[in-house]
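Hello,

Here is the structure I promised to pass on. Have a look at it first, and then read my notes below.

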Amino acid sequence: MNFDRECNRSCCTVGGTVVHRLKDGAVSPAWLSACEEERALTAGIMEEIASLSNLQKAYRAVVKNGGKGGVDGMDMKGFKKWMRSNMHQLQTQLIEGIYEATAVRGVQIAKAGGGYRQLGIPTIADRLTQQAIHQVLSERYEKIFSNQSYGFRPGLGAHDALLQAGKHMQEGRCWIVDLDLEKFFDEVNHHRLMWLLRTRIGDRKVVKLIQRFLQAGMLMGGLESQRIKGTPQGGPLSPLLSNIVLDELDKELERRGYKHVRYADDIKIFAESKPQAERIMAKVTKYIEDRLKLKVNKEKSRVCQGYELNFLGHSLLKDGTLGLSKTGEEKFKKKLKLLTSRKRGISIERMFKEVRQVVVGWLVYYRSAKMQRKMEQIDGWLRRRFRCFRLKQCRRVIGIVRFLRKLGVEESLAWRLALSGKGWWRLAASPASTIGMNNQWFASMGYQSLTVFYNQVKRFKL
């Protein structure tokens with residue numbers, strides 16, 4: 001690929017600031033000079049990747065992350081033994097540029113919105129090598145990545161992205177271009193990605209090794225298929241490569257003066273009016289498909305207002321504060337529904353404990369969302385499910401009566417519920433059920449209200 005021709009169609013960062021195109025459409029010579037300087041600085045970077053200290057650091061990271069093995073069947077225990085006897089051989093293969101990537105193990109996991117996400121699980125040895133590359137390259141690329149990118153970045157996370165999105169809303173940009181990249185990790189163009197790497201990495205052995213990882217086959221269902229595009233999720237290198245690909249989009253959006261926030265492949269662009277947002281969507285979609293060779297999902301991409309949005313499980317309110325998105329609420333209730341199923345053969349105390357573990361983590365993540373009313377509604381819904389479960393545990397009519405009488409329910413009222421032919425859901429809302437299993441009963445059983453806990457954690461802002 002012609003380097004100069006591609007440079008004239010791009011924009012980059014020099015010294016942390018975006019270098020705009022010149023009036024004739026060409027890129028500033030400063031960008032070309034910066035790329036040339038970076039290539040000179042990284043001409044022998046493989047030695048840094050293959051250094052003993054870097055490989056040991058990568059080894060600790062891989063062991064800490066754990067996970068299952070790849071196509072070679074090696075588990076973490078076997079990998080530790082392998083590492084002790086193969087460290088120097090691995091260094092030699094990397095330095096000489098003869099390390100060969102192994103096929104990845106294909107795994108599909110169901111997505112919450114339907115469909116499947118394709119994962120590619122490398123062997124543990126390949127994960128170690130990818131981690132070693134990631135550690136060295138990320139230090140260099142972090143200096144040029146856009147400040148509007150938050151996914152897979154050290155020291156940055158979902159809450160930082162949400163804070164920035166809220167600031168754009170406060171400035172009056174309440175119309176949002178919600179872009180959905182169709183199977184982004186499966187559609188990354190290898191040729192374009194390799195060109196992006198060659199512009200800044202001077203050591204060809206590193207570039208070729210990354211290419212081997214990209215083109216390694218995928219073994220699934222006993223059949224191995226060759227990959228000609230995509231960076232399947234599952235390896236340590238994939239997040240960095242995805243940010244390298246989409247950083248080009250970040251720079252282009254900044255060059256055009258658009259306000260945006262990106263978390264991995266989740267892109268939100270903020271506009272002051274609906275017509276402006278629609279124009280931006282058309283232009284950016286064309287740029288993504290024509291220049292970046294990626295696909296925009298036309299069905300899922302849309303122009304909407306903040307309260308309709310689902311950004312990292314949150315909606316955005318006009319004043320810049322956060323709310324709980326409809327999708328975020330549905331996912332939460334779905335998880336609670338599984339935990340409180342009447343078919344589970346466990347004690348009510350254990351159910352309370354399991355629910356609490358999920359609720360605590362969920363509320364800590366959503367602590368800055370304005371959702372007092374929703375928490376009250378979910379709390380009432382959840383208590384009713386608990387009552388369903390506890391009534392069904394009584395099994396027989398006499399068991400229900402004895403249970404309710406023990407809770408202080410008047411005898412005729414208890415018999416009326418026990419002899420009723422209504423379903424458990426309706427019985428859980430009957431007077432006898434709500435009188436017996438009231439708030440005091442829940443408290444005595446160790447259940448803490450969602451609303452109470454939410455009011456405790458929301459004091460700790462982002």
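In strand β9, K268 is the bridge partner of D178. The two strands involved are β5 (residues 175-180) and β9 (residues 266-271), which pair in the antiparallel sense over six bridges. Strands here are DSSP runs of E with at least two residues, helices are runs of H or I with at least four, and both are numbered from the N terminus; two strands pair if DSSP finds at least two bridges between them. Strand β5 also runs antiparallel to strand β10 (residues 302-305), joined by four bridges, and there W175 stands opposite Q305.

A word on the source: this is a predicted model, in which local features need pLDDT of at least 70 and side-chain atom pairs count only at pLDDT 80 or more, while totals for chains, interfaces and linings use all residues. Residues are numbered from 1 along each chain as its sequence is written, and side-chain values use heavy atoms, leaving out hydrogens and water.

Finally, V397 lies in helix α16 (residues 397-406) and counts as partly exposed because its relative accessibility is 32%.

Enjoy exploring!

Technical notes: Buried means under 20% relative accessible area, exposed over 50%, partly exposed in between (1.4 Å probe, protein chains only).
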